[in-house]
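Please look over the sequence and the model below before reading on.

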Amino acid sequence: MPLGKDYAAQECSIARALEIVGERWTLLVIRDAFYGVRRYKDFLVHLGIPRAVLAARLQTLTDAGILEKRRYQQSPPRDEYVLTDRGVQLWPTVRSLGVWGNAHVPGPELRTFRHAACGTGLGPYGECPACGVVPVPEIEMVPGPGLDPDPADAVSRALLTPKRLLQPLQAELA
Ligand SMILES: [Zn+2]
């Protein structure tokens, strides 16, 4: 469901950003892209999202320059979706929402994040307390205690071991 059109009258930068990322599922698609999900069918099984909604969100994100479509197979044609620099810059937003959710909305902690180089858990602002700012590809996602140890889908299984953000899951899914 798109936001009301009168929203476009808002000149606030938050409103402008929400015009792109404020629809239901959109930030979860982006989250999965940080986890290394790239292919339509992998987003589909991991998110449990209706097909039409996923197709629409991928289109919106591609149009907005947050995801880039790359052909990985010619016949039949198949594309994968990779975060652009513009998309990677949404990491602090995704991370902060997770931190806020853990603090204010009760539920299991599924994943934690650490600086791959030194193993230190990231601080509340995504920084490494030991080293400072950590580039996104140097962040390692670590399964948390609340994660289902025996999930039904291959993407969730691939995400049961620590892995760096943005690193494609394809090797684990092959
Ligand atoms: Zn560090």
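## Where H2 meets H6

In this predicted model, Leu27, Ile30, Arg31 and Phe34 of helix H2 are in contact with Trp91, Val94 and Leu97 of helix H6. Sorted by class, the residues of this contact between H2 and H6 comprise six nonpolar, no polar and one charged.

Two packed helices are described by the angle between their axes and the distance between the axes. For H2 and H6, which spans residues 91–104, the angle is about 105 degrees and the axes lie 10 Å apart. Because angles of 65 to 115 degrees count as roughly perpendicular, H2 and H6 are roughly perpendicular to each other.

## The buried face of H2

Within H2, the buried residues are Thr26, Val29, Ile30, Asp32 and Ala33. When the helix is viewed down its axis, these buried residues of H2 fall within an arc of 160 degrees, so they line one face of the helix. An α-helix has 3.6 residues a turn, so residues three or four places apart point the same way. Beyond the helix comes glycine 36, which follows H2 and has a positive phi, near 100 degrees.

## Aspartate 32

Aspartate 32 sits in helix H2, and this residue is buried because 20 other C-beta atoms lie within 10 Å, where 20 or more is the cut-off for a buried residue. If neighbours within four places in sequence are left aside, the contacts of aspartate 32 are Val37, Phe43, His46 and Leu47. Aspartate 32 and proline 143 are 111 residues apart along the chain, and their C-alpha atoms are separated by 14 Å.

## Backbone features in the loops

Two residues other than glycine carry a positive phi in loops of the model. Tryptophan 25, which is not a glycine, has a positive phi of about 85 degrees, and this residue belongs to the loop between helix H1 (13–21) and helix H2 (26–34). Tryptophan 25 counts as partly exposed, because it has 15 C-beta neighbours inside 10 Å. Leucine 166, also a residue other than glycine, has a positive phi near 75 degrees and is placed in the loop between strand S5 (163–164) and helix H8 (170–173). With 20 C-beta neighbours inside 10 Å, leucine 166 counts as buried.

A further backbone feature is the cis peptide bond that joins serine 75 and proline 76, for which omega is about -5 degrees. Proline 76 itself lies in the loop between strand S1 (67–73) and strand S2 (78–83).

## The chain as a whole

The secondary structure of the protein chain consists of eight helices and five strands, and their order along the sequence is α-α-α-α-β-β-α-α-β-β-α-β-α. The protein chain has a radius of gyration of 17 Å, close to the 16 Å that the globule rule gives for 174 residues, so it is as compact as a globular protein of that length. Taken along the principal axes, the box filled by the C-alpha atoms of the protein chain is roughly 45 × 45 × 30 Å.

Of the 174 residues in the protein chain, 20% count as buried. Among the contacts in the protein chain with a separation of 6 or more, 49% are accounted for by residues 24 or more positions apart.

Note on methods:
Residues are numbered from 1 along each chain as its sequence is written. This is a predicted model: local features need pLDDT of at least 70, side-chain atom pairs count only at pLDDT 80 or more; totals for chains, interfaces and linings use all residues. Helices (H or I, at least four residues) and strands (E, at least two) are DSSP runs, numbered from the N terminus. A residue is buried if 20 or more other C-beta atoms lie within 10 Å of its own, exposed if 12 or fewer, and partly exposed in between; C-beta atoms are placed from the backbone. The radius of gyration is taken over C-alpha atoms; the globule rule is 2.2 Å times the number of residues to the power 0.38. Two residues are in contact if their C-beta atoms, placed from the backbone, lie within 7 Å. The arc is that of the directions from the helix axis to the C-beta atoms. Axes are lines fitted to C-alpha atoms, for helices over the stretch in contact, and angles run from 0 to 180 degrees between N-to-C directions. Angles under 35 degrees count as roughly parallel, over 145 as roughly antiparallel, 65 to 115 as roughly perpendicular and the rest as oblique. Ala, Val, Leu, Ile, Met, Phe, Trp, Tyr, Cys and Pro count as nonpolar, Asp, Glu, Lys and Arg as charged, and the others, Gly among them, as polar.
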